[in-house]
Amino acid sequence: MMKHFILSLLFLISCSKFEFQDSDSSAVLPVSRISEIKKFIKGKDYNQDLAIFINFKIHSGKYRYFVYDLKNNKILQKAIVAHGDGSVVKNSSALKFSNIDASHQSSLGKYEIRESYSGKFGKAYRLDGLDDTNSNARSRAIVLHSYYCIPYRESSDPACLSFGCPMLSKKAFNETSKFINQSEKTIILYAFY
C-alpha cells in the first residue's frame, strides 16, 4: 500500500513538472504561432519538419530565437537574436516594426531562408519576405547572419542592435547553419510580436 502511494506521488510530481515545462515553453513560443506555421507549410514545398521562430516580445538579452522540431513539438535550439536599432521606442520596452528601406527596423512575418553567401559579416543567408509586412526584405538586404556583439548566453543586458537583420552570436549561427544546410527544402523563419 505504501509503495503504491509513493509511486502515485512520484507520478503526480513528474506530471506537474512536465506541465510546468510545457507551459513554460508555450510562454516563449505560443502554440498558436506553431499551429499557424504548420498550416501555412502544409502541402507546400517547404521543410515540413523544421521551422525557426523569433518572438520579439521577449527581452533582447533573453532567448527569443528558436529552431523548432514541428514533428516532435520541441525546441532544438534557443538563441539571443538582435532587432533593428530603428525598432527601439524611446523610454519604452515596446518595439516598432517596418518594411521600409533605411528604417533600420525589424520586420514581422514569414520568411523563406534562401541561399547563403559570404559578405562583410561572413556567411549569411538571404531572406525572402512572404508577407506585406516584410516583402521588401531582399531589397533591404535583411539577412540572417552572425555578429561579434551578440552574446551566446542569456543576460539581463540588452543585445546590441542591427540595421534590421536578425543577428546571432557566431556559435548560435553555426548551430543554425547545420540545420539549414542539412535541409533539402526551404525552411520558414517566422518573426512575430
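On a 1 Å grid over the protein atoms alone, a cavity is taken as a set of points where a 1.4 Å probe fits but cannot get out, whereas a pocket is an open set with protein on both sides within 12 Å along at least five of seven lines, and lining residues are those with an atom within 4 Å of a point. Grid points are joined across faces, edges and corners, and a volume is the space filled by probe spheres set on the points. The model examined here is predicted, and for that reason local features need pLDDT of at least 70 and side-chain atom pairs count only at pLDDT 80 or more, while totals for chains, interfaces and linings use all residues. Residues are numbered from 1 along each chain as its sequence is written, and side-chain values use heavy atoms, with hydrogens and water left out.

The chain holds three helices and eight strands, where helices (H or I, at least four residues) and strands (E, at least two) are DSSP runs numbered from the N terminus. Read from the N terminus on, the elements follow the order α-α-β-β-β-β-β-β-β-α-β. Of the 193 residues of the chain, 41% count as buried, with buried meaning under 20% relative accessible area, exposed over 50% and partly exposed in between (1.4 Å probe, protein chains only).

An open sheet of eight strands is found, with mixed pairing and the order β3-β2-β1-β8-β4-β5-β6-β7; two strands are said to pair if DSSP finds at least two bridges between them. Strands β3 and β7 (167-168) stand at the edges with a single partner strand each, so one side of each is left without a neighbour in the sheet. Strand β1 is largely enclosed by the rest of the structure, because eight of its ten residues are buried. This strand runs parallel to β8 (residues 186-192), to which it is joined by six bridges, and antiparallel to β2, to which it is joined by five bridges. Residue F53 has Y190 as its bridge partner in β8 and stands opposite F66 in β2. Elsewhere in the sheet, seven bridges join the antiparallel strands β4 and β5, and Y111 stands opposite G129 in β5.

A search of the whole structure finds nine aromatic pairs, counted where rings of Phe, Tyr and Trp (its six-membered ring) have centres within 6.5 Å, with planes under 30 degrees apart classed as stacked, over 60 as edge-to-face and the rest as tilted. The pair of F56 and F97 is tilted, because the ring centres lie 5.5 Å apart and the planes stand at 45 degrees. Since F56 lies in the loop between β1 (46-55) and β2 (65-69) and F97 in the loop between β3 (74-79) and β4, the pair ties together parts that are 41 residues apart in sequence. Of these two residues, F56 counts as buried at 4% relative accessibility, whereas F97 is partly exposed, with a relative accessible area of 23%. A further tilted pair is formed by Y190 and F192, with 5.7 Å from centre to centre and 45 degrees between the planes, and both Y190 and F192 are buried. Ring pairs link Y190 and F192 with F53 and Y68 into a cluster.

Charged side chains also lie over a ring, a contact that requires NZ of Lys or CZ of Arg within 6 Å of the ring centre and within 35 degrees of the ring normal. Over the face of F40 lies K44, at 3.9 Å from the ring centre, and the charged end of K110 sits over the ring of F40 as well, 4.9 Å from its centre.

The lining of the largest pocket comprises twelve nonpolar, six polar and three charged residues, where Ala, Val, Leu, Ile, Met, Phe, Trp, Tyr, Cys and Pro count as nonpolar, Asp, Glu, Lys and Arg as charged, and the others, Gly among them, as polar. The largest cavity has a volume of about 70 Å³. It is lined by 13 residues, of which F56, S107, Y111, G164 and P166 lie nearest its centre, and this lining has ten nonpolar, three polar and no charged residues.
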